[in-house]
Amino acid sequence: MPEEFLSAEQVAAYRRYARPPTRAELDRFFFLDEKAQRLIGPKRLPHTRLGFAVQLTTAQYLGAFVPDPTDVPSEVVDYLAVQLDIADPSCLKDYREREMTRLEHAQEIRDAYALRDFIEVEAQLAARVDDRAWTTGEGPRALFDGGGVAA
């Protein structure tokens with residue numbers, strides 16, 4: 001990704017939690033709706049249910065999967081654990097035991113929510129950002145922060 005127009009803070013925050021989500025953000029991005037509950041339901045173990053939920057909601061919040069789904073703010077883990085009736089949120093650390101589980105879950109989330117890899121949509125996104133820059137006058141930093149695709 002070209003980074004020359006981004007501040008050091010923007011580069012550091014990409015694909016990471018720059019700060020814990022606010023309560024409003026938790027309610028908006030981390031609430032497990034019916035669809036999410038149906039996907040999580042078949043997962044047997046608490047750490048796989050919680051890990052799946054963390055990956056799903058993190059992808060919704062950040063717009064990307066994080067390299068280590070256990071490296072998220074405790075507020076996120078606690079919020080999801082309550083919804084999933086998991087008494088010990090620290091069980092999430094066990095989600096790292098099997099790398100294939102994380103990868104399989106990420107693919108299941110991609111399939112269920114029709115998410116695509118950036119490389120597949122790069123040209124389309126570039127065109128939208130270019131159009132938005134011409135019509136709004138927003139600079140590259142503002143477009144990056146807003147995803148560049150808001151209507």
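Visitor: What share of the contacts in the chain with a separation of 6 or more comes from residues 24 or more positions apart?
Guide: A contact means heavy atoms within 4.5 Å. Among contacts with a separation of 6 or more, residues 24 or more positions apart account for 69%.

Visitor: What kind of model is this, and how are residues numbered?
Guide: This is a predicted model, in which local features need pLDDT of at least 70, side-chain atom pairs count only at pLDDT 80 or more, and totals for chains, interfaces and linings use all residues. Side-chain values use heavy atoms, with hydrogens and water left out, and residues are numbered along each chain as its sequence is written, from 1.

Visitor: How many helices and strands are there in the chain?
Guide: Helices (H or I, at least four residues) and strands (E, at least two) are DSSP runs, numbered from the N terminus. From that end the elements run α-α-α-α-α-α-α-α. The count is 8 helices and 0 strands.

Visitor: How many salt bridges does a search of the whole structure find?
Guide: Side chains of opposite charge can pair when their charged atoms come close. A salt bridge here is a side-chain nitrogen of Lys or Arg within 4 Å of a carboxyl oxygen of Asp or Glu. The search of the whole structure finds 7.

Visitor: Which residue forms a salt bridge with Glu 108, and how many residues apart are the two?
Guide: The partner is Lys 43, with the closest N and O atoms 3.0 Å apart. Glu 108 sits in helix α6 (residues 99-113), and Lys 43 in the loop between α3 (34-40) and α4 (46-62). The pair links distant parts of the chain, and the separation is 65 residues.

Visitor: Is Lys 43 buried or exposed?
Guide: Buried means under 20% relative accessible area, exposed over 50%, and partly exposed in between (1.4 Å probe, protein chains only). Glu 108, at 27%, is partly exposed. Lys 43 has 13% relative accessibility, so this residue counts as buried.

Visitor: Which parts of the chain does the salt bridge of Arg 96 with Asp 68 tie together?
Guide: The closest N and O atoms of Arg 96 and Asp 68 are 3.7 Å apart. The two residues are 28 apart in sequence, so the pair ties together the loop between α5 (74-83) and α6, which holds Arg 96, and the loop between α4 and α5, which holds Asp 68.

Visitor: Which class of exposure does Arg 96 fall in?
Guide: Asp 68 has a relative accessible area of 26% and is partly exposed. Arg 96 reaches 51% relative accessibility, so Arg 96 counts as exposed.
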